[in-house]
Amino acid sequence: MSQNPDSTQTITVDLGPRSYDIAIGPDLLDNAGALIAERLGERHVVIITDSNVGPIYAERLENSLAQAGHTGRTIQIDAGEQSKSFVYLESLLNDLLQDGLERGTVLVALGGGVIGDLTGFTASIALRGVEFVQIPTTLLAQVDSSVGGKTAINSPHGKNLVGTFYQPRLVIADTNTLKTLPPRELAAGYAETVKYGLLGDPEFFGWLEADGAKVLEGDPTAQTRAIVRACEMKAEIVNQDERETGRRALLNLGHTFAHALEAETGFGDLLLHGEAVSIGMVLAFDLSVALGLCPAEDATRVRDHFKAVGLPIHVPVHPNGNWNTQILIDHMGRDKKVQAGRTTFILVRGIGEAFVTNEVEEAELVRLLDTLAKAA
Ligand code: ADP
Ligand code: ZN
């Protein structure tokens, strides 16, 4: 990691010829054109953004690109998860091709995870692959989805089931874009930030317990520090296991539970992904305590911190009935990470000590999930 005088920090994801930098700091949007030119030269660039982010930030990015000598235009897509679909993919590809997309064109994703995933997938298949740059504008995307090269759209059969591993050429995380992010979205992204402490860095979790509120209050120094640490850890894990055959699965801490909860609540407003991950991480700690693997005090610390920053630790009221243990277990059985019929769980031996297992007995799960149904 290097530090420039202007408080920008740069982390390199080391993947040989596909290595790339993540630049993190306040007001980087105005510098994006130069950051791209330094690495990729002056290029034809198409910005892809959504109807919430575009009106606030596209013009600044366009100006920065033009100043650095790039040419290009902006495509604005409807905001919302429905855009991660075959229909929007096709329309985006046609729009690009009609305009004479060339191999040398660079796609720039300006937005949250939806825009990043759709743009990345499009870049990976258009003309058999064009380069792309991520400019994530949600905390969730800055600490997690913009780094690591997973791209996807949803299928009627489930979320993120169609996609590719395809690395960006550069990631630019401007902490000041978080100022306009709805507070609930910021908190949801914070849950994914805490995940890095819980899975592998107890000191980082300790810092978040003390100073994490500053990240949510919009303090750029605290935000930069949190994003840098999350990206460093993600970069290190991805560099060891780009295609998730082993260690990368640790990044799914809380996610087996979260996906089941999201499937039940319709992947919508009732429970944002980061909120589901918050509850899911509490459940992963509870299960680890129940199995005698983790001290109960550690699960309490996790709960206390989430409560302190306003993240959910209990499931919401079920949208149409009651929480049903068997249905939740069935959802977990459909997870992408199921191997030979066994659901993979990330459990913990304590804060910062996560590990992967597919040895959890169903009876233990039933016991845990039954208590959750009662608590709702
Ligand atoms: P993620 O998957 O990263 O949570 P989404 O792409 O679903 O992100 O974005 C969440 C919501 O926040 C969307 O409605 C999106 O348009 C909006 N959004 C994203 N970034 C910003 C921002 N910086 N300011 C305001 N709204 C934003
Ligand atoms: Zn997640």
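Which residues touch the most other members of the largest nonpolar core?

## Nonpolar core

In this predicted model, the largest nonpolar core has 78 residues. Leu198, Leu199, Phe257 and Phe306 are the residues that touch the most other members. Helix H8, residues 220-240, gives the largest share of this core, with 10 residues.

Domain 1 (2-180) and domain 2 (188-375) both contribute residues, so the core lies between them. In soluble globular proteins, nonpolar side chains tend to be buried together.

## Shell around ligand 1

Ligand 1 is surrounded by 17 residues. Among these, the closest are Asp50, Gly113, Thr137, Thr138 and Thr180. By residue class, the shell divides into 8 nonpolar, 7 polar and 2 charged residues.

Three helices each supply at least two residues of the shell: helix H2 (53-67), helix H4 (113-125) and helix H5 (139-145).

## Polar contacts and burial

Which atoms of ligand 1 lie 2.7 Å, 2.8 Å and 2.6 Å from polar side-chain atoms of Asp50, Thr137 and Thr138? Thr137 places a polar side-chain atom 2.8 Å from a nitrogen atom of the ligand. For Thr138, a polar side-chain atom lies 2.6 Å from an oxygen atom of ligand 1.

Ligand 1 taken alone exposes 570 Å², and the protein buries 83% of that area.

Note on methods. Residues numbered from 1 in each chain as written. Chains lettered and ligands numbered in written order. Predicted model: local features only at pLDDT ≥ 70, side-chain atom pairs only at ≥ 80, totals over all residues. Heavy atoms only, no water. Near = heavy atom within 4 Å. Polar contact = N/O pair within 3.5 Å; in protein donor to acceptor, adjacent residues only side chain to side chain. Areas by Shrake-Rupley, 256 points an atom, 1.4 Å probe, with all protein chains shown as cover. Helix = DSSP H or I, 4+ residues; strand = E, 2+ residues; numbered from the N terminus. Nonpolar A, V, L, I, M, F, W, Y, C, P; charged D, E, K, R; others polar. Core = buried A, V, L, I, M, F, W, Y, C linked by side-chain atoms within 4.5 Å. Buried < 20%, exposed > 50% of the residue type's maximum accessible area, 1.4 Å probe, protein only. Domains from an automatic or database assignment.
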